[in-house]
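Reader: I'd like to go through the ligand sites and check what the wording rests on. Can you take me through it, definitions first where they matter?

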Amino acid sequence: MVDLLLGLQWGDEGKGKIVDVLTKNYDIIARFQGGPNAGHTLIFDGNKHVLHTIPSGIFHDKALNIVGNGVVIDPVIFQKELEDLEKYNIDFKSKLFISRKAHIILPTHRLLDAASETAKGKAKIGSTLKGIGPTYMDKTGRNGIRIGDLELENWKDKYDALTKKHLKMLDFFEVDIQFDLKELENQFCKAVDILKQLTFIDSEAYLFNAMQADKTILAEGAQGSLLDIDFGTYPYVTSSNTTAAGACTGLGVAPSKIGKVFGIFKAYTTRVGSGPFPTELFDEDGKTMAKVGQEFGATTGRPRRCGWLDLVALKYTVQVNGVTQLNMMKGDVLSGFDTIKICTSYQYKGKEITHLPYNIEPENVSVNYTEFKGWQADLTKMDSADQLPKNLITYIDFIEKELQVPIKIVSVGPDRKQTIFR
Ligand code: GDP
Ligand code: IMO
Ligand code: MG
């Protein structure tokens with residue numbers, strides 16, 4: 001069986017931390033979608049690491065890490081990630097396998113991302129500018145270049161043809177994007193040579209055989225369910241299926257082989273980039289969350305927008321993913337608030353509703369809150385569930401009851417050790 005771990009909000013829920021915590025229980029950790037738009041932070045033994053493409057099981061001796069076919073890979077960023085891990089002496093050849101069917105982000109994909117965003121002006125998605133959208137467009141448009149192509153004699157011809165096409169497309173946008181293609185290509189080709197030293201596999205066959213041999217597998221999601229291309233706040237989403245179904249297509253695992261589904265959420269909500277966010281705060285409370293939670297993007301450094309927990313949206317993503325257990329992150333950030341709020345319904349077209357409607361822009365939706373008494377205690381040194389303050393337990397019990405799924409992990413700080421099991 002394959003267990004899944006995915007974000008239930010707009011990303012940055014703390015997936016990297018929890019994958020790292022859970023890796024000791026698994027033989028294989030496999031990323032199934034997204035690419036270097038992701039930034040997964042791991043903190044342990046006084047070290048902090050942000051992983052973009054490499055799965056979050058990489059620091060464990062035994063676990064094998066797989067980058068699945070659903071992922072898009074930028075060789076230049078990948079090379080940098082490998083370099084950042086140099087001091088750990090990890091044997092990448094035997095610990096990090098890449099699917100031949102994963103698509104490659106070309107330098108011109110990044111340029112197209114930038115051109116598209118510039119051309120959109122105020123309506124921009126707020127993309128991470130990593131070339132994610134254009135690469136997935138080439139994938140579904142059947143023009144993409146895949147990792148397996150790098151093993152062919154003529155991959156450079158394919159590269160040249162696609163790059164030529166991209167340069168024409170850039171003209172179409174009629175925006176001023178400055179670049180030095182020669183320099184970008186130099187970097188790219190060097191990085192491809194490094195990438196080619198790793199082990200390429202047919203990951204669907206590999207995982208099938210691993211399951212036959214009773215290996216335990218955890219699939220690591222990127223982004224969050226509200227950024228899913230189908231179920232997220234379209235068009236302000238990413239270009240892949242971030243929800244549970246994405247693990248089947250992104251790894252080649254049959255739906256009948258999915259086991260547990262771990263859903264990760266923050267005790268409040270954040271979003272980076274554009275798009276609707278019904279519980280967003282523009283007051284001191286929002287600023288406090290941003291400050292205490294250090295809410296800056298792990299990939300782009302942009303400030304994250306902050307707001308109260310949105311149970312209407314969370315209920316929706318729990319359903320879409322078939323979540324079997326919840327992990328609540330960053331509860332420690334809410335310590336010190338007198339009152340804590342949870343959005344329990346929306347006002348939509350004059351009516352109170354508890355489901356996520358098609359349109360959640362501010363002109364269509366306003367929020368209704370249920371209020372809770374806050375707690376003052378510092379949670380960051382706590383290490384067992386019986387130490388948690390009463391008011392936090394009331395908060396947790398309420399969420400569990402509403403979502404009808406148990407909260408099994410309460411994270412009380414960014415470090416691997418600041419994790420409470422219930
Ligand atoms: P991911 O993309 O889902 O892996 O999450 P990110 O790494 O982008 O963002 C989560 C941020 O919160 C990182 O800076 C983590 O170190 C931090 N973090 C994770 N869990 C906790 C927690 O329980 N409390 C606090 N204060 N920080 C946390
Ligand atoms: P992790 O895995 C938070 C957001 C961007 C933008 C939108 C589209 O760290 O949780 P893209 O570059 O994918 O075309 O951007 O999606 N976004 C993320 N937000 N966490 C992420 O990943 C994200 N990856 C993309 O900010 O709004
Ligand atoms: Mg992140």
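Author: For residue classes, Ala, Val, Leu, Ile, Met, Phe, Trp, Tyr, Cys and Pro count as nonpolar, Asp, Glu, Lys and Arg as charged, and the others, Gly among them, as polar. With that, the shell around ligand 1 splits into six nonpolar, seven polar and seven charged residues. Keep in mind that this is a predicted model.

Reader: What makes a residue part of the group that surrounds ligand 1, and which are the closest?

Author: A residue counts if one of its heavy atoms lies within 4 Å of the molecule. For ligand 1 there are 20 of them, and the closest are Gly14, Lys15, Thr41, Asp332 and Ser411.

Reader: Why is the pair between Thr41 and ligand 1 called a polar contact?

Author: The cut-off is 3.5 Å between N or O atoms. A polar side-chain atom of Thr41 is 2.5 Å from an oxygen atom of ligand 1, so the pair qualifies. Ser411 also has a polar side-chain atom 2.5 Å from an oxygen atom of the ligand, so that pair passes too. Gly16 does it through its backbone: an N or O atom there lies 2.8 Å from an oxygen atom of ligand 1, therefore within the limit.

Reader: How much of ligand 1 does the protein bury?

Author: Ligand 1 taken alone exposes 580 Å², and 93% of that is buried by the protein.

Reader: What is the second largest pocket like in volume and lining?

Author: About 660 Å³ of space lies in it. It is lined by 27 residues, with Thr41, Gly293, Gln294, Lys330 and Pro414 closest to the centre. Helix 1, strand 3 and strand 4 (47-51) each supply at least two lining residues. By class, the lining has eight nonpolar, 10 polar and nine charged residues.

Reader: On to ligand 2. Which pocket does ligand 2 sit in?

Author: Ligand 2 sits in the largest pocket, which holds about 860 Å³ of space. Of the 43 residues lining the largest pocket, Ile125, Ser127, Val237, Thr238 and Ser239 are the closest to its centre. Helix 4 (107-120), helix 5 (132-140) and helix 6 (155-173) are the elements that give two or more residues to this lining, and helix 4 has the largest share, five residues.

Reader: How do you know that Gly126 makes a polar contact with ligand 2?

Author: A polar backbone atom of Gly126 is 3.4 Å from an oxygen atom of ligand 2, and the limit is 3.5 Å, so the pair counts.

How values were computed: Residues numbered from 1 in each chain as written. Chains lettered and ligands numbered in written order. Predicted model: local features only at pLDDT ≥ 70, side-chain atom pairs only at ≥ 80, totals over all residues. Heavy atoms only, no water. Polar contact = N/O pair within 3.5 Å; in protein donor to acceptor, adjacent residues only side chain to side chain. Areas by Shrake-Rupley, 256 points an atom, 1.4 Å probe, with all protein chains shown as cover. 1 Å grid on protein atoms, 1.4 Å probe; cavity = no way out; pocket = protein on both sides within 12 Å on 5 of 7 lines; lining within 4 Å. Points joined across faces, edges and corners; volume = space filled by probe spheres on them. Helix = DSSP H or I, 4+ residues; strand = E, 2+ residues; numbered from the N terminus. Sits in = over half its atoms within 2 Å of the grid points.
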